[in-house]
Amino acid sequence: MNSTTMLASEKGRKFHIYKSNEEQKRRKNMSMNNGKKLTGKIAVITGGSSGIGLATARLFVQEGAYVFITGRRQAELDKAKAEIGKNVTAVRGDVAKLDDLDSLYATVKSEKGALDIVIANAAFGEPVLTKDATPEHYDKSFNTNARGSFFTVQKALPLLRDGGSIVLVSSVAHVKGIPVYVTYSATKAAMRSFVRSWAADFKDRGIRVNTLSPGPIDTPMMASQGASKEQAEAFKKQYAQLTTLGRVGRPEEIATAILFLASDDSSFITGIDLPADGGMTQV
Ligand SMILES: NC(=O)c1ccc[n+]([C@@H]2O[C@H](COP(=O)([O-])OP(=O)(O)OC[C@H]3O[C@@H](n4cnc5c(N)ncnc54)[C@H](OP(=O)(O)O)[C@@H]3O)[C@@H](O)[C@H]2O)c1
C-alpha cells in the first residue's frame, strides 16, 4: 500500500467511526425520547386551527412538542384545541396585525419562556384575474402572506433558541404561471426569497430556515376556491389531474413533510424549498 492509498484508507476509517458515532447519538436520542422527534420542543403554528396547520399541530403534539396555534376565528380555535387534546395553547390573532403577533409571542414568553420551531402557515388566497383585482385584494394577499410571514418570523427571533427551525408554508403556485393566482403566487415567491436570505442571516445561531411548497391539498382553503360546492368539486378533479400521482394530497401528508423540516431529521438542510406536490412541479 503506498502512502496515498494509506491516507485514503485512514480517512475512510475515521469517516466510518464518525458516522457510527453520529448514528449511535441519534439512536440514543431517539430512545431517550421514546422514539419521538420533537420531545420538549415548543412550536408556534400560525393558521393551526384548520387544514394543513391543524394536521401539523396534531402530529407535532404526537411527536412530543407543545404547540401554540393561531387563527382569527375563536370557534375554530376552540374546536382545534379540543381535537388536539393536550399540550396546546390557542391564541386568537391575525398575522397581518402586528399587535396580534406581539400578543402571540407575549403569551409564548409567559407560558414557556422560549421557542424552538416556527411554522408560518396562515395565508389568504382567492382566484382573481389581474383585470378584476382590486387594491383591497392585492393588499390583503400581501399583508397576510408576505408581510404576515415576515413579521411572524421577525417577532419570533428574540424567543427562538439557537438551533431552532423555521418553516414557511409556500405553494407550488410560486413556480407556476396560473392566471387567477397572480397575487397569491407572488406572495408565495416572496416567502421563498425570505428563506434564502434568512438561512444566511441566522446561520450563526444554527437556526435553519426552509419553505415547504404543497401542491393541491384537500382542505377548507381548497373547498373555498369554488363559487359553489359543485364548482369546488370540479376544481378538485382538475387539480388532481395536474399531479403525477393523479390525486390531491391530504393535510397529513404535508404535516409529515413539515415535521421533517422542523425536526433534526433535516439537520443539514437549510435554505431549500421542499415541494410536496405529488410530482406536480417536478415531473
Ligand atoms: N390547500 C392547498 O391546496 C394548498 C396548496 C398550496 C399551499 N397551501 C398553503 O398551505 C397553508 C395552509 O392552507 P390550508 O389549505 O390548510 O388552509 P385552511 O384549511 O383554510 O387553513 C388556513 C388557516 O389559516 C388561518 N388564517 C387565515 N388567515 C389568517 C390570518 N390573517 N391570520 C391568522 N390566521 C389566518 C385560518 O384560520 P382563520 O380563518 O380562523 O383565521 C386557518 O387556521 C397556506 O399557507 C396555503 O397557502 C395550501
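Student: How do I read the packing of α2 and helix α9, and at what angle do they pack?

Tutor: Two packed helices are described by the angle between their axes and the distance between the axes. In this predicted model, α2 and α9 (residues 251–262) pack at about 55°, with axes 8 Å apart. Axes here are lines fitted to C-alpha atoms, for helices over the stretch in contact, and angles run from 0 to 180 degrees between N-to-C directions. Helices (H or I, at least four residues) and strands (E, at least two) are DSSP runs, numbered from the N terminus.

Student: Which word describes how α2 and α9 lie to each other?

Tutor: Angles under 35 degrees count as roughly parallel, over 145 as roughly antiparallel, 65 to 115 as roughly perpendicular and the rest as oblique. α2 and α9 are therefore oblique to each other. Their crossing is right-handed, meaning that the near helix is turned clockwise from the far one, by less than a right angle.

Student: Which residues of α2 and α9 meet?

Tutor: Contact means C-beta atoms, placed from the backbone, within 7 Å. From α2, G51, I52, A55, T56, L59 and F60 take part, and they meet P251, E252, I254, A255, T256, I258 and L259 of α9. By type, this contact has nine nonpolar residues, three polar and one charged. Ala, Val, Leu, Ile, Met, Phe, Trp, Tyr, Cys and Pro count as nonpolar, Asp, Glu, Lys and Arg as charged, and the others, Gly among them, as polar.

Student: Now the ligand: how many residues surround it?

Tutor: There are 30, and the closest are G47, G51, R72, A123 and M221; near means a C-beta atom, placed from the backbone, within 6 Å. The shell divides into 13 nonpolar, 13 polar and four charged residues. α2 (51–62), β2 (66–71) and α7 (220–223) each supply at least two of its residues.

Student: What should I make of the phi of N34?

Tutor: Most residues other than glycine have a negative phi. N34, not a glycine, has a positive phi of about 55°, and sits in the loop between α1 (3–32) and β1 (42–45).

Student: Is N34 buried or exposed?

Tutor: A residue is buried with 20 or more other C-beta atoms within 10 Å of its own, exposed with 12 or fewer, and partly exposed in between, C-beta atoms being placed from the backbone. N34 counts as exposed because it has 8 C-beta neighbours inside 10 Å.

Student: What limits and numbering apply?

Tutor: Local features need pLDDT of at least 70 and side-chain atom pairs 80 or more, while totals for chains, interfaces and linings use all residues. Residues are numbered from 1 along each chain as its sequence is written.

Terms used:
Two residues are in contact if their C-beta atoms, placed from the backbone, lie within 7 Å.
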